[in-house]
Amino acid sequence: MINITSKLPSVGTTIFTVMADLLAQYPDVVGLSQGAPNFMLAPEMIDDVHRAMQAGHNQYAPMIGLESLRQRMVDKIEKLYGHRYDLENEITIMPSASEAIYASIAGLVHSGDEVIYFEPGFDSYAPIVRLQGAKPIAVELLAPDFAIDWERVKQLINEKTRMIILNSPHNPTGRILTEDDITALKELTKDTDMIILSDEVYEHMVFDGEIHRSMSRYPELAERSIVITSFGKTYQVTGWRVGCCVAPANLMEQVRLVHQFLMFSANTPIQYALAEVLLKPEHYLKLNQIFESKRNILRAGLSQSRFEVLPCKGGFFQLVRFSHFNSGSDMDMVKHLIADIGVGGIPTGAFYAEPKDTGLIRFTFARDDETLRKAAERLKRV
(Lines give C-alpha, C1' and ligand atoms only; values in the text may rest on other atoms or scores of the structure.)
Protein backbone atom coordinates (compact mmCIF):
# COMPACT_ATOMS: atom_id res chain seq x y z
CA MET A 1 0.00 0.00 0.00
CA ILE A 2 1.25 3.48 -0.89
CA ASN A 3 2.04 5.72 2.07
CA ILE A 4 0.20 9.04 1.87
CA THR A 5 0.57 12.15 4.00
CA SER A 6 -2.58 14.26 3.93
CA LYS A 7 -2.34 17.99 3.32
CA LEU A 8 -5.52 18.39 5.38
CA PRO A 9 -5.20 15.74 8.10
CA SER A 10 -7.75 17.35 10.42
CA VAL A 11 -10.41 17.91 7.76
CA GLY A 12 -13.07 15.27 7.28
CA THR A 13 -16.24 15.18 5.23
CA THR A 14 -17.98 18.57 5.19
CA ILE A 15 -21.09 19.05 7.28
CA PHE A 16 -23.10 19.61 4.11
CA THR A 17 -22.29 16.15 2.80
CA VAL A 18 -22.98 14.64 6.22
CA MET A 19 -26.37 16.35 6.35
CA ALA A 20 -27.26 15.37 2.78
CA ASP A 21 -26.59 11.71 3.61
CA LEU A 22 -28.63 11.99 6.81
CA LEU A 23 -31.57 13.72 5.14
CA ALA A 24 -31.64 11.06 2.43
CA GLN A 25 -32.75 8.58 5.08
CA TYR A 26 -35.86 10.67 5.85
CA PRO A 27 -37.56 11.65 2.57
CA ASP A 28 -40.45 13.47 4.28
CA VAL A 29 -38.24 15.93 6.13
CA VAL A 30 -38.68 19.65 5.44
CA GLY A 31 -35.10 20.58 4.57
CA LEU A 32 -33.89 23.89 5.96
CA SER A 33 -30.25 22.83 5.93
CA GLN A 34 -28.53 23.86 2.71
CA GLY A 35 -28.74 27.45 1.46
CA ALA A 36 -30.01 26.40 -1.96
CA PRO A 37 -33.34 28.11 -2.73
CA ASN A 38 -36.22 25.92 -3.90
CA PHE A 39 -37.58 28.70 -6.09
CA MET A 40 -36.33 30.89 -8.95
CA LEU A 41 -37.25 34.56 -9.27
CA ALA A 42 -36.15 34.98 -12.89
CA PRO A 43 -37.26 31.78 -14.69
CA GLU A 44 -36.75 33.46 -18.08
CA MET A 45 -33.04 32.87 -17.54
CA ILE A 46 -33.56 29.22 -18.50
CA ASP A 47 -34.81 30.33 -21.91
CA ASP A 48 -31.86 32.74 -22.17
CA VAL A 49 -29.41 29.87 -21.58
CA HIS A 50 -31.21 27.77 -24.18
CA ARG A 51 -31.07 30.58 -26.75
CA ALA A 52 -27.36 31.03 -26.10
CA MET A 53 -26.78 27.32 -26.65
CA GLN A 54 -28.85 27.32 -29.83
CA ALA A 55 -26.87 30.34 -31.05
CA GLY A 56 -23.66 28.32 -30.77
CA HIS A 57 -22.19 29.79 -27.59
CA ASN A 58 -20.97 26.43 -26.37
CA GLN A 59 -17.18 26.72 -26.41
CA TYR A 60 -14.74 28.27 -23.95
CA ALA A 61 -15.49 31.80 -22.86
CA PRO A 62 -12.60 34.25 -22.38
CA MET A 63 -10.59 33.44 -19.26
CA ILE A 64 -11.58 36.73 -17.61
CA GLY A 65 -15.25 36.37 -18.57
CA LEU A 66 -17.67 37.41 -21.28
CA GLU A 67 -17.17 41.10 -22.03
CA SER A 68 -20.87 41.99 -21.94
CA LEU A 69 -21.24 40.36 -18.52
CA ARG A 70 -18.16 42.09 -17.15
CA GLN A 71 -19.38 45.41 -18.50
CA ARG A 72 -22.78 45.09 -16.86
CA MET A 73 -21.24 44.06 -13.56
CA VAL A 74 -18.85 47.01 -13.63
CA ASP A 75 -21.82 49.32 -14.29
CA LYS A 76 -23.87 47.68 -11.54
CA ILE A 77 -21.13 47.97 -8.92
CA GLU A 78 -20.55 51.62 -9.75
CA LYS A 79 -24.28 52.36 -9.47
CA LEU A 80 -24.65 50.55 -6.15
CA TYR A 81 -21.38 51.37 -4.41
CA GLY A 82 -19.81 54.28 -6.27
CA HIS A 83 -16.57 52.56 -7.32
CA ARG A 84 -15.76 51.86 -10.97
CA TYR A 85 -13.53 48.90 -11.71
CA ASP A 86 -11.50 48.67 -14.90
CA LEU A 87 -13.21 46.38 -17.42
CA GLU A 88 -10.07 44.63 -18.60
CA ASN A 89 -7.88 44.46 -15.52
CA GLU A 90 -10.05 44.53 -12.39
CA ILE A 91 -12.97 42.15 -12.89
CA THR A 92 -13.05 38.39 -13.54
CA ILE A 93 -16.03 36.11 -13.98
CA MET A 94 -15.33 32.77 -12.34
CA PRO A 95 -16.96 29.34 -12.10
CA SER A 96 -18.38 29.93 -8.61
CA ALA A 97 -17.60 32.26 -5.75
CA SER A 98 -15.87 29.29 -4.12
CA GLU A 99 -13.32 29.14 -6.94
CA ALA A 100 -12.82 32.88 -6.62
CA ILE A 101 -12.10 32.49 -2.91
CA TYR A 102 -9.61 29.70 -3.61
CA ALA A 103 -7.84 31.59 -6.41
CA SER A 104 -7.63 34.74 -4.29
CA ILE A 105 -6.06 32.99 -1.31
CA ALA A 106 -3.78 30.80 -3.43
CA GLY A 107 -2.64 33.72 -5.54
CA LEU A 108 -1.79 36.10 -2.71
CA VAL A 109 -1.04 34.06 0.42
CA HIS A 110 2.38 32.43 0.75
CA SER A 111 3.89 29.77 2.95
CA GLY A 112 4.51 31.18 6.40
CA ASP A 113 1.89 33.92 6.09
CA GLU A 114 -0.99 34.30 8.51
CA VAL A 115 -4.62 34.91 7.57
CA ILE A 116 -7.19 36.21 10.04
CA TYR A 117 -10.77 34.98 9.70
CA PHE A 118 -13.83 34.81 11.94
CA GLU A 119 -15.73 31.94 13.56
CA PRO A 120 -18.34 30.67 13.26
CA GLY A 121 -17.82 31.00 9.54
CA PHE A 122 -17.91 29.35 6.14
CA ASP A 123 -15.96 26.12 6.35
CA SER A 124 -13.66 26.52 3.33
CA TYR A 125 -11.57 29.51 4.45
CA ALA A 126 -9.19 27.79 6.88
CA PRO A 127 -8.49 24.67 4.76
CA ILE A 128 -7.66 26.80 1.71
CA VAL A 129 -5.23 28.84 3.78
CA ARG A 130 -3.57 25.67 5.11
CA LEU A 131 -3.16 24.34 1.57
CA GLN A 132 -0.88 27.32 0.85
CA GLY A 133 1.38 26.44 3.78
CA ALA A 134 -0.01 29.44 5.64
CA LYS A 135 -1.61 29.65 9.07
CA PRO A 136 -5.31 30.49 9.54
CA ILE A 137 -5.90 32.59 12.66
CA ALA A 138 -9.45 32.30 13.98
CA VAL A 139 -11.11 35.14 15.86
CA GLU A 140 -14.30 34.10 17.61
CA LEU A 141 -17.26 36.42 17.12
CA LEU A 142 -18.67 37.74 20.38
CA ALA A 143 -21.97 36.36 21.63
CA PRO A 144 -24.81 37.13 21.78
CA ASP A 145 -24.80 39.38 18.69
CA PHE A 146 -21.63 37.95 17.08
CA ALA A 147 -19.81 41.27 17.03
CA ILE A 148 -16.21 41.44 15.83
CA ASP A 149 -13.68 41.86 18.63
CA TRP A 150 -11.46 44.42 16.91
CA GLU A 151 -9.16 44.68 19.95
CA ARG A 152 -8.47 40.98 19.62
CA VAL A 153 -7.85 41.37 15.89
CA LYS A 154 -5.38 44.18 16.60
CA GLN A 155 -3.50 41.99 19.06
CA LEU A 156 -3.15 39.22 16.47
CA ILE A 157 -1.82 41.37 13.63
CA ASN A 158 1.93 41.07 13.11
CA GLU A 159 4.51 41.13 10.32
CA LYS A 160 3.23 37.74 9.08
CA THR A 161 -0.40 38.86 8.69
CA ARG A 162 -1.09 38.85 4.95
CA MET A 163 -4.88 38.79 4.71
CA ILE A 164 -8.09 39.25 6.66
CA ILE A 165 -11.23 37.44 5.46
CA LEU A 166 -14.61 39.10 5.97
CA ASN A 167 -18.09 37.84 5.17
CA SER A 168 -21.08 40.19 5.24
CA PRO A 169 -23.95 39.42 5.37
CA HIS A 170 -22.50 36.67 7.47
CA ASN A 171 -23.01 32.93 7.16
CA PRO A 172 -24.18 31.47 9.52
CA THR A 173 -25.10 34.29 11.95
CA GLY A 174 -26.93 36.77 9.68
CA ARG A 175 -24.84 39.64 11.06
CA ILE A 176 -23.83 42.55 8.80
CA LEU A 177 -20.89 44.93 9.04
CA THR A 178 -21.61 48.22 10.83
CA GLU A 179 -20.08 51.65 10.35
CA ASP A 180 -18.06 51.03 13.51
CA ASP A 181 -16.67 47.87 11.90
CA ILE A 182 -15.68 49.83 8.80
CA THR A 183 -13.97 52.50 10.90
CA ALA A 184 -12.03 49.84 12.82
CA LEU A 185 -11.05 48.04 9.62
CA LYS A 186 -9.75 51.23 8.04
CA GLU A 187 -7.66 51.99 11.10
CA LEU A 188 -6.19 48.48 11.38
CA THR A 189 -5.22 48.20 7.71
CA LYS A 190 -3.98 51.75 7.17
CA ASP A 191 -0.33 51.91 6.07
CA THR A 192 -0.04 48.13 5.92
CA ASP A 193 0.29 45.56 3.13
CA MET A 194 -2.69 43.58 4.42
CA ILE A 195 -5.18 42.35 1.84
CA ILE A 196 -8.90 42.15 2.57
CA LEU A 197 -10.79 39.21 1.07
CA SER A 198 -14.46 40.21 1.26
CA ASP A 199 -17.00 37.43 0.72
CA GLU A 200 -20.16 39.34 -0.23
CA VAL A 201 -22.25 36.61 -1.82
CA TYR A 202 -25.38 37.71 0.12
CA GLU A 203 -24.96 41.37 -0.79
CA HIS A 204 -28.59 41.84 -1.88
CA MET A 205 -30.16 40.22 1.19
CA VAL A 206 -29.82 43.01 3.79
CA PHE A 207 -32.84 43.71 5.99
CA ASP A 208 -34.54 46.23 8.26
CA GLY A 209 -33.61 49.27 6.20
CA GLU A 210 -29.87 48.65 6.55
CA ILE A 211 -27.36 48.99 3.69
CA HIS A 212 -24.76 46.56 2.45
CA ARG A 213 -21.35 47.90 3.42
CA SER A 214 -19.32 46.54 0.55
CA MET A 215 -15.57 47.12 0.54
CA SER A 216 -16.21 48.75 -2.83
CA ARG A 217 -17.98 51.65 -1.06
CA TYR A 218 -14.82 52.85 0.67
CA PRO A 219 -11.85 53.95 -1.50
CA GLU A 220 -9.22 53.27 1.19
CA LEU A 221 -10.59 49.73 1.60
CA ALA A 222 -11.31 49.07 -2.08
CA GLU A 223 -7.65 49.66 -2.91
CA ARG A 224 -6.64 46.63 -0.82
CA SER A 225 -9.74 44.44 -1.24
CA ILE A 226 -10.76 41.47 -3.32
CA VAL A 227 -14.57 41.47 -3.41
CA ILE A 228 -16.38 38.26 -4.33
CA THR A 229 -20.05 37.95 -5.23
CA SER A 230 -22.29 35.15 -6.46
CA PHE A 231 -24.74 35.05 -9.34
CA GLY A 232 -26.06 31.79 -7.91
CA LYS A 233 -27.13 33.46 -4.67
CA THR A 234 -28.44 36.57 -6.39
CA TYR A 235 -30.57 34.72 -8.94
CA GLN A 236 -31.39 31.56 -6.93
CA VAL A 237 -29.43 29.31 -9.29
CA THR A 238 -26.72 28.01 -6.98
CA GLY A 239 -26.14 24.97 -9.19
CA TRP A 240 -25.06 27.14 -12.10
CA ARG A 241 -21.82 27.92 -10.25
CA VAL A 242 -20.85 31.36 -11.56
CA GLY A 243 -19.29 34.09 -9.43
CA CYS A 244 -17.68 37.48 -9.86
CA CYS A 245 -14.41 38.78 -8.47
CA VAL A 246 -13.29 42.43 -8.48
CA ALA A 247 -10.02 43.87 -7.19
CA PRO A 248 -7.35 46.44 -8.01
CA ALA A 249 -5.29 45.41 -11.02
CA ASN A 250 -2.16 44.47 -9.04
CA LEU A 251 -4.18 42.05 -6.90
CA MET A 252 -6.33 40.75 -9.74
CA GLU A 253 -3.24 39.88 -11.77
CA GLN A 254 -2.18 37.38 -9.11
CA VAL A 255 -5.70 35.98 -8.70
CA ARG A 256 -5.96 35.37 -12.44
CA LEU A 257 -2.63 33.55 -12.53
CA VAL A 258 -4.19 30.86 -10.34
CA HIS A 259 -7.66 31.02 -11.89
CA GLN A 260 -6.33 30.21 -15.38
CA PHE A 261 -4.97 26.88 -14.11
CA LEU A 262 -8.09 25.88 -12.19
CA MET A 263 -11.18 26.12 -14.38
CA PHE A 264 -9.87 28.74 -16.86
CA SER A 265 -13.36 30.06 -17.62
CA ALA A 266 -16.94 29.94 -16.41
CA ASN A 267 -19.83 28.28 -18.26
CA THR A 268 -20.32 30.13 -21.55
CA PRO A 269 -24.10 29.98 -22.25
CA ILE A 270 -24.86 30.77 -18.61
CA GLN A 271 -22.68 33.89 -18.84
CA TYR A 272 -24.82 35.05 -21.79
CA ALA A 273 -27.98 34.52 -19.75
CA LEU A 274 -26.57 36.42 -16.78
CA ALA A 275 -25.63 39.32 -19.03
CA GLU A 276 -29.25 39.45 -20.19
CA VAL A 277 -30.83 39.34 -16.73
CA LEU A 278 -28.53 42.11 -15.49
CA LEU A 279 -30.42 44.42 -17.85
CA LYS A 280 -33.33 44.01 -15.42
CA PRO A 281 -32.06 45.45 -12.11
CA GLU A 282 -35.48 45.02 -10.52
CA HIS A 283 -34.58 41.35 -9.98
CA TYR A 284 -31.73 42.04 -7.56
CA LEU A 285 -33.10 45.30 -6.18
CA LYS A 286 -36.18 43.57 -4.74
CA LEU A 287 -34.32 40.66 -3.16
CA ASN A 288 -33.99 42.35 0.23
CA GLN A 289 -37.77 42.69 0.48
CA ILE A 290 -38.42 39.13 -0.70
CA PHE A 291 -35.95 37.52 1.67
CA GLU A 292 -36.85 39.78 4.57
CA SER A 293 -40.44 38.58 4.16
CA LYS A 294 -39.26 34.97 4.20
CA ARG A 295 -37.12 35.61 7.25
CA ASN A 296 -40.15 37.12 8.98
CA ILE A 297 -42.36 34.14 8.16
CA LEU A 298 -39.88 31.75 9.73
CA ARG A 299 -39.22 34.01 12.72
CA ALA A 300 -42.95 34.48 13.37
CA GLY A 301 -43.51 30.73 13.44
CA LEU A 302 -40.46 30.08 15.60
CA SER A 303 -41.50 32.77 18.08
CA GLN A 304 -44.33 30.42 19.07
CA SER A 305 -41.89 27.58 19.72
CA ARG A 306 -39.44 26.87 22.54
CA PHE A 307 -36.51 28.07 20.46
CA GLU A 308 -34.89 31.46 21.10
CA VAL A 309 -34.76 33.32 17.78
CA LEU A 310 -31.51 35.28 17.40
CA PRO A 311 -31.16 38.54 15.45
CA CYS A 312 -30.70 38.25 11.68
CA LYS A 313 -29.84 41.30 9.59
CA GLY A 314 -29.09 39.65 6.28
CA GLY A 315 -28.30 36.56 4.23
CA PHE A 316 -30.14 33.24 3.90
CA PHE A 317 -29.94 31.95 7.47
CA GLN A 318 -31.58 32.18 10.89
CA LEU A 319 -29.89 30.96 14.06
CA VAL A 320 -31.98 29.62 16.93
CA ARG A 321 -30.92 28.67 20.45
CA PHE A 322 -32.05 25.43 22.09
CA SER A 323 -29.62 25.11 25.01
CA HIS A 324 -32.07 26.65 27.50
CA PHE A 325 -34.35 23.60 27.22
CA ASN A 326 -32.05 20.83 25.98
CA SER A 327 -28.51 20.07 27.16
CA GLY A 328 -27.67 17.81 24.22
CA SER A 329 -25.04 18.50 21.58
CA ASP A 330 -25.71 20.50 18.44
CA MET A 331 -25.59 17.37 16.32
CA ASP A 332 -27.82 15.39 18.65
CA MET A 333 -30.46 18.12 18.45
CA VAL A 334 -30.22 18.23 14.66
CA LYS A 335 -30.63 14.46 14.45
CA HIS A 336 -33.63 14.65 16.78
CA LEU A 337 -35.26 17.34 14.64
CA ILE A 338 -34.75 15.30 11.49
CA ALA A 339 -35.84 11.93 12.82
CA ASP A 340 -38.63 12.93 15.21
CA ILE A 341 -39.85 16.38 14.11
CA GLY A 342 -39.26 16.22 10.37
CA VAL A 343 -37.18 19.40 9.92
CA GLY A 344 -33.56 19.58 8.78
CA GLY A 345 -31.05 22.14 10.06
CA ILE A 346 -27.30 22.50 10.46
CA PRO A 347 -25.42 22.33 13.80
CA THR A 348 -23.80 25.73 14.24
CA GLY A 349 -20.82 24.13 15.93
CA ALA A 350 -19.80 22.75 12.54
CA PHE A 351 -18.84 26.28 11.46
CA TYR A 352 -15.74 26.25 13.66
CA ALA A 353 -12.38 24.79 12.63
CA GLU A 354 -12.52 22.77 15.83
CA PRO A 355 -16.18 21.68 15.99
CA LYS A 356 -17.85 22.59 19.25
CA ASP A 357 -21.25 22.60 20.87
CA THR A 358 -22.89 26.02 20.75
CA GLY A 359 -26.51 25.27 21.66
CA LEU A 360 -27.44 26.81 18.31
CA ILE A 361 -28.90 25.51 15.04
CA ARG A 362 -28.86 27.18 11.64
CA PHE A 363 -31.98 27.11 9.47
CA THR A 364 -32.24 28.57 5.99
CA PHE A 365 -35.23 30.66 4.97
CA ALA A 366 -34.33 30.46 1.27
CA ARG A 367 -37.49 28.45 0.66
CA ASP A 368 -40.97 29.11 -0.66
CA ASP A 369 -43.40 30.50 1.91
CA GLU A 370 -45.42 27.29 2.22
CA THR A 371 -42.29 25.29 3.09
CA LEU A 372 -41.30 27.83 5.76
CA ARG A 373 -44.74 27.74 7.38
CA LYS A 374 -44.76 23.95 7.32
CA ALA A 375 -41.35 23.80 8.97
CA ALA A 376 -42.35 26.33 11.64
CA GLU A 377 -45.48 24.34 12.49
CA ARG A 378 -43.42 21.21 12.98
CA LEU A 379 -40.84 23.01 15.11
CA LYS A 380 -43.58 24.13 17.51
CA ARG A 381 -43.82 20.47 18.56
CA VAL A 382 -40.28 20.42 19.98
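Phe 122 has a relative accessibility of 23% and therefore counts as partly exposed. In this predicted model, its partner is Tyr 125. The ring centres of Phe 122 and Tyr 125 lie 5.9 Å apart, and the planes meet at 70°, so the pair is edge-to-face. Tyr 125 is a buried residue, at 3% relative accessibility.

A further edge-to-face pair is formed by Phe 316 and Phe 317. Here the centre-to-centre distance is 6.1 Å, with 65° between the planes. Phe 316 and Phe 317 are both buried. Both belong to one aromatic cluster, together with Phe 39, Tyr 202 and Phe 291. In total, the structure holds 11 aromatic pairs.

The charged end of Arg 362 is placed over the ring of Phe 317, 3.6 Å from the ring centre. Lys 76 lies over the face of Tyr 284. The distance from Lys 76 to that ring centre is 4.4 Å.

Salt bridges were examined next. Side chains of opposite charge can pair when their charged atoms come close. Across the whole structure, the search finds 17 salt bridges. One of them joins Glu 88 to Arg 70, with 3.8 Å between the closest N and O atoms. Glu 88 lies in the loop between α3 (67-81) and β2 (91-94), while Arg 70 is in helix α3, so the bridge ties together parts that are 18 residues apart in sequence. The two residues can be described by their accessibility. Glu 88 is partly exposed, at 38% relative accessibility. Arg 70 is buried, with a relative accessible area of 4%.

Arg 295 and Glu 292 form another salt bridge, and their closest N and O atoms are 3.8 Å apart. Both residues belong to helix α13 (residues 287-302). They are three residues apart, which means a separation of about one helical turn. Arg 295 has a relative accessible area of 6% and so is buried. Asp 208, Glu 292, Arg 295 and Lys 313 are linked in a network of salt bridges.

Lys 380 forms a salt bridge with Glu 377. The closest N and O atoms of this pair are 2.7 Å apart. Lys 380 is partly exposed, at 27% relative accessibility. Glu 377 is likewise partly exposed, at 47%.

Technical notes
Residues are numbered from 1 along each chain as its sequence is written. This is a predicted model: local features need pLDDT of at least 70, side-chain atom pairs count only at pLDDT 80 or more; totals for chains, interfaces and linings use all residues. Side-chain values use heavy atoms; hydrogens and water are left out. Rings of Phe, Tyr and Trp (its six-membered ring) pair if their centres lie within 6.5 Å; planes under 30 degrees apart count as stacked, over 60 as edge-to-face and the rest as tilted. Buried means under 20% relative accessible area, exposed over 50%, partly exposed in between (1.4 Å probe, protein chains only). A charge sits over a ring if NZ of Lys or CZ of Arg is within 6 Å of the ring centre and within 35 degrees of the ring normal. A salt bridge is a side-chain nitrogen of Lys or Arg within 4 Å of a carboxyl oxygen of Asp or Glu. Helices (H or I, at least four residues) and strands (E, at least two) are DSSP runs, numbered from the N terminus.
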